Amino acid sequence: MAVAKTDADDLDVLDKSAITALMAEAKPRKKTVSKRMSAEERLNQIIDVAVRLIGQKGYHGLSLQDIASEIGVTQTAVIHRVKSKHNLLVLVVERYYDMSGAESEYLGHFRAGGDRAGERPRIPSALRAVVEQNVRQPEMVRLFQMLNTEAMSAEHPAHRYFVERTKGMWDNFAQFEWAVPDGVDGMLAYQLANAAMYGLEGRWLADPEGVDYLEEWKRYEAYLFPSPQWDGYR
């Protein structure tokens with residue numbers, strides 16, 4: 001059998017090519033430097049992860065170590081930002097539960113530049129939006145109710161927040177000219193409906209299988225905003 005002849009120059013080319021490839025592989029690659037998060041960015045990241053984990057595990061099942069593991073930092077680093085689990089839960093209510101409110105989104109349509117600017121918002125519609133949002137996030141509502149109850153004590157760190165939150169709700173309501181029937185005190189109707197909603201939430205959270213939150217609210221709404229008085233104002 002004839003053996004193919006290999007030219008010496010061909011071997012040189014092969015050797016040079018192999019060496020070049022090896023050098024390329026050995027050449028140190030530039031490290032990708034990730035941008036260091038600011039304190040505010042890290043805190044927001046912790047809160048975002050906490051919200052997701054609360055939805056999965058409930059706030060009792062949440063631990064600061066869970067959050068640290070999700071983010072890829074030490075538990076000490078998380079504690080440095082939030083101080084304690086309890087303080088984190090308060091931050092979740094302040095920065096997520098309230099800031100992502102369905103009522104605020106509803107009212108945004110009626111502000112200057114909104115698609116319904118110039119129209120008057122309706123109390124039943126605003127509250128219905130809140131109920132529809134809350135039924136999708138029971139653990140967040142449970143967290144809110146727990147902290148709100150605890151914060152009744154003036155010594156509680158979240159006491160001032162919840163006091164100011166209620167005042168803020170009334171002040172926000174007063175910024176709009178609501179569509180209500182003649183002779184009806186809109187502010188009082190709004191306050192009574194919110195009190196009823198809070199009580200219904202407690203029943204629902206205590207017995208989620210026995211209480212259909214949406215259907216029960218429909219019954220409440222029919223009683224709080226009865227026909228024919230509220231027809232055209234819902």
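**Exercise 1. Which residues does UniProt give for the feature "DNA-binding region", and what is the chain like there?**

Solution. The unreviewed UniProt entry places the feature at residues 63-82. UniProt positions follow the numbering used here, feature names are shortened, and annotations may be inferred rather than shown by experiment. The model is predicted: local features need pLDDT of at least 70, side-chain atom pairs count only at pLDDT 80 or more, and totals for chains, interfaces and linings use all residues. Residues are numbered from 1 along each chain as its sequence is written, and side-chain values use heavy atoms, with hydrogens and water left out. Over residues 63-82 the chain is 80% helix and 0% strand. The end C-alpha atoms lie 12 Å apart. Helices (H or I, at least four residues) and strands (E, at least two) are DSSP runs, numbered from the N terminus.

**Exercise 2. Locate K83 and describe its backbone and exposure**.

Solution. K83 sits in the loop between α4 (75-82) and α5 (85-97). Its phi is near 75°, a positive value in a residue other than glycine. Most residues other than glycine have a negative phi. K83 is exposed, at a relative accessible area of 57%; exposed means over 50%, buried under 20%, partly exposed in between (1.4 Å probe, protein chains only).

**Exercise 3. Find the cis peptide bond that involves P228**.

Solution. The bond joins S227 and P228, with omega about 0°. P228 belongs to the segment after α11 (213-224).

**Exercise 4. List the residues of α8 and α10 that meet**.

Solution. From α8 come P138, V141, R142, F144, Q145, N148 and T149. From α10 come Y198, E201, G202, W204 and L205. Contact means heavy atoms within 4.5 Å.
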